[in-house]
Amino acid sequence: MSSTSQKHKEFVAEPMGEKAVMALAGIGEVLGKRLEEKGFDKAYVVLGQFLVLKKDEDFFREWLKDTCGANAKQQFDCYSCLKEWCDSFL
Amino acid sequence: MNFSNKTDKEIAELLDQYMIKHGPVVGSTRKLYEKKLHEALESNEGKKSSPLKTIYQEEEEEIILTRSALRPSPKSELYTDWEARTTEMDHHSAYNRKQYSTEPTGHSFKYQEVLRDYKDESQPIRSSSATFRNVSHSKPSHMTAPVKPTTIKDSQDKRYIPIWLQFMVFILFAGFLYYVFTNMEVTPKNPFEHIN
């Protein structure tokens, strides 16, 4: 049984294009709104931050926690989602 | 330490100094890296405080040893102090060098304190080391600049006990042990004597 959610599978299946930030695994409505308020209104902007942090897990997770208050599971889901997307499309 | 007035480049250099792998320091990453630097500074201060404790205790013992060497004290006490000092010196010689280079004024201040305590002979001197531990915590430790090699020579020139005296004491102790050992020799008896 796969440990990744449906959201994760959908996200990593195709280029993200103009998808909203709430399309990311681990990012729901509440966290998505907080990210949008900070200026991260699209998934690719969060991707940009992920890349600028050199795809480092610790840094990215800490940044996510500080920016929108994500818990450990949400951080992990978002990180692994972006990482897998990068492995496929970057 | 406030990092907000530093440029992005300086932040990057500080991260390199603390061996923190990082990406570019830009608007969105700056806050995170400043936070990392704060954590690194705090962990450094934590590591520094414990060796400072032992350094102050060790320096205090050195001073006690010089005073006891001047007075006619029993030799056994001298040996134990010397041995304690050399074992601690082996472990903390690296920290000791840094200590000499960064805070020389603190050392002289402590020396006066020890003299004051030493005059009161009724209480044992070692118990006062606790006060020095408290003193060491109040001093703010700054970022360690690269240690200059010249300070190592300075610390080695300042010997409280001359090296020849140390060697003589060592040889005397070795001779004493040899004397004891030779006197322990058992007179050979025939193990196959008939038991009546």
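Q: Which side chain does Lys35(B) meet in a salt bridge?
A: Lys35(B) meets the side chain of Glu62(A), at 3.0 Å from N to O. A salt bridge here is a side-chain nitrogen of Lys or Arg within 4 Å of a carboxyl oxygen of Asp or Glu. This pair crosses between chains, from helix 2 (residues 27-70) of chain B to helix 4 of chain A. Helices are DSSP runs of H or I with at least four residues, strands are E runs of at least two, and both are numbered from the N terminus.

Q: Before we go on, what sort of model is this?
A: This is a predicted model, where local features need pLDDT of at least 70 and side-chain atom pairs count only at pLDDT 80 or more, while totals for chains, interfaces and linings use all residues. Residues are numbered from 1 along each chain as its sequence is written, chains are lettered from A and ligands numbered from 1 in the order written, and side-chain values use heavy atoms, leaving out hydrogens and water.

Q: Back to Glu62(A): how far is Lys36(B) from it?
A: Lys36(B) also forms a salt bridge with Glu62(A), and the closest N and O atoms are 2.7 Å apart.

Q: How many residues does each chain give to the contact?
A: Chain A gives eight residues and chain B gives 13, contact meaning heavy atoms within 4.5 Å.

Q: Now confidence: what does chain B average in pLDDT?
A: Chain B averages 67, and 41% of the residues score at least 70. pLDDT is the predictor's confidence in each residue, from 0 to 100. Where pLDDT is low, the predicted coordinates should not be read in detail.

Q: What about the scores for the model?
A: The ipTM is 0.85 and the pTM is 0.48.

Q: Which residues of chain B does the UniProt "transmembrane region" annotation cover?
A: The unreviewed UniProt entry puts it at residues 163-181 of chain B. UniProt positions follow the numbering used here, feature names are shortened, and annotations may be inferred rather than shown by experiment. In the model, that span is 100% helix and 0% strand, with its end C-alpha atoms 27 Å apart.

Q: Last one: where is Asp77(A), and which residues does Asp77(A) touch?
A: Asp77(A) is in helix 5 (residues 72-89) of chain A. Not counting residues up to four places away in sequence, Asp77(A) touches His8(A), Ala25(A) and Gly26(A).
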